[in-house]
Amino acid sequence: MIEAIDRGAGSNRSSGARSLIALRGVSRIHDGGAIAALRNVDLQIREGDCVAVVGASGSGKSSLINILCGIDYPTSGHVVWEGRPIRKKSDWVWLRRLRIGVVFQEFNLIPTLTALENVELALLGRGMSAKHRYTRAGMVLGRVGLDHRPHHLVTRLSGGERQRVAIARAIVSEPKLLLADEPTGNLDSISAVKIADLLFHLHEMTGMTLVLVTHDDALAARCSRQIRLRDGAVVDDTLQALLSGTVAPRSKI
Ligand SMILES: Nc1ncnc2c1ncn2[C@@H]1O[C@H](COP(=O)(O)OP(=O)(O)OP(=O)(O)O)[C@@H](O)[C@H]1O
Ligand SMILES: [Mg+2]
């Protein structure tokens, strides 16, 4: 089981930071080989990294996120969590419940539930009392700046507020890894900046590893590491460039 992982196995000797999640030779092929969404991707995300994933539409960014959270599986290659290959669906379920939070562009909230209920739902099946779940969900809504709207149906909230609910839902289990696939893509520019600020604040305050897909160069530049995809392949990774000595260090790497 993943709980039994030898945490030392994820060490990254070259950088000193531990590997949290890695892809090893991952390809994702569709339509019997006609489409390669990802091609032989090798990638290591370290604990505490703040990574922007950029690239043109169709370059494979969402495919990468889906494989990093186990809602899709590689056609070949595998994913490694803290040094251990993840092969079983049950391990992915455990990881998504306790270790990996995901935020999508379209929020993906349950429209018939309130903000509080959407967040509380993520705590079901954990042996917590209903009272404890609601208290915790309310606390996390406060953390994302939504403590004044807990009982609103999410359909009555603005786009920025909905994304805050989605972020609260993603972080309520205090995951080690937060994946965000264009979290500001459906928002006006002011809400987008506020949501980006919130994500970076959470990363700074908790040390949570953040992987952020974005089309926004300014947003990508706020991350300490940038990965660029083209036609399903990683064509640029500022960390690899730094480790191989081809670029000067940036302040946060
Ligand atoms: N289920 C699928 N079946 C067939 N092709 C798919 C499927 N999912 C993704 N693709 C294809 O894989 C490629 C990568 O898609 P992906 O959604 O990962 O791109 P993206 O970089 O996230 O694009 P965007 O910036 O528009 O969101 C695209 O050509 C897409 O059409
Ligand atoms: Mg996408």
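Which residues are around ligand 1? In this predicted model, the residues around ligand 1 are H30, D31, I35, A37, G55, S57, G58, S59, G60, K61, S62 and S63. Sorted by class, this shell holds two nonpolar, eight polar and two charged residues. Two elements of secondary structure, the strand β2 (35-46) and the helix α1 (61-68), each supply at least two residues of the shell. Of the elements, α1 gives the most, with three residues.

Taken along the principal axes, the box filled by the C-alpha atoms is roughly 50 × 40 × 40 Å.

The packing of helices can be followed in one pair. Helix α5 (residues 159-171) packs with helix α6 (residues 189-206) at an angle of about 15°, and their axes are 9 Å apart. Because angles under 35 degrees count as roughly parallel, α5 is described as roughly parallel to α6. The crossing in which α5 passes α6 is right-handed. On the side of α5, the contact is made by G159, G160, Q163, I167 and I171; α6 contributes S191, K194, I195, L198 and L202. By class, the residues of this contact divide into five nonpolar, four polar and one charged.

Notes: Residues numbered from 1 in each chain as written. Chains lettered and ligands numbered in written order. Predicted model: local features only at pLDDT ≥ 70, side-chain atom pairs only at ≥ 80, totals over all residues. Axes fitted to C-alpha atoms, helices over the stretch in contact; angles between N-to-C directions. Helix = DSSP H or I, 4+ residues; strand = E, 2+ residues; numbered from the N terminus. Parallel < 35°, antiparallel > 145°, perpendicular 65-115°, else oblique. Left-handed = near helix turned anticlockwise from the far one by under 90°. Contact = placed C-beta atoms within 7 Å. Nonpolar A, V, L, I, M, F, W, Y, C, P; charged D, E, K, R; others polar. Near = placed C-beta within 6 Å.
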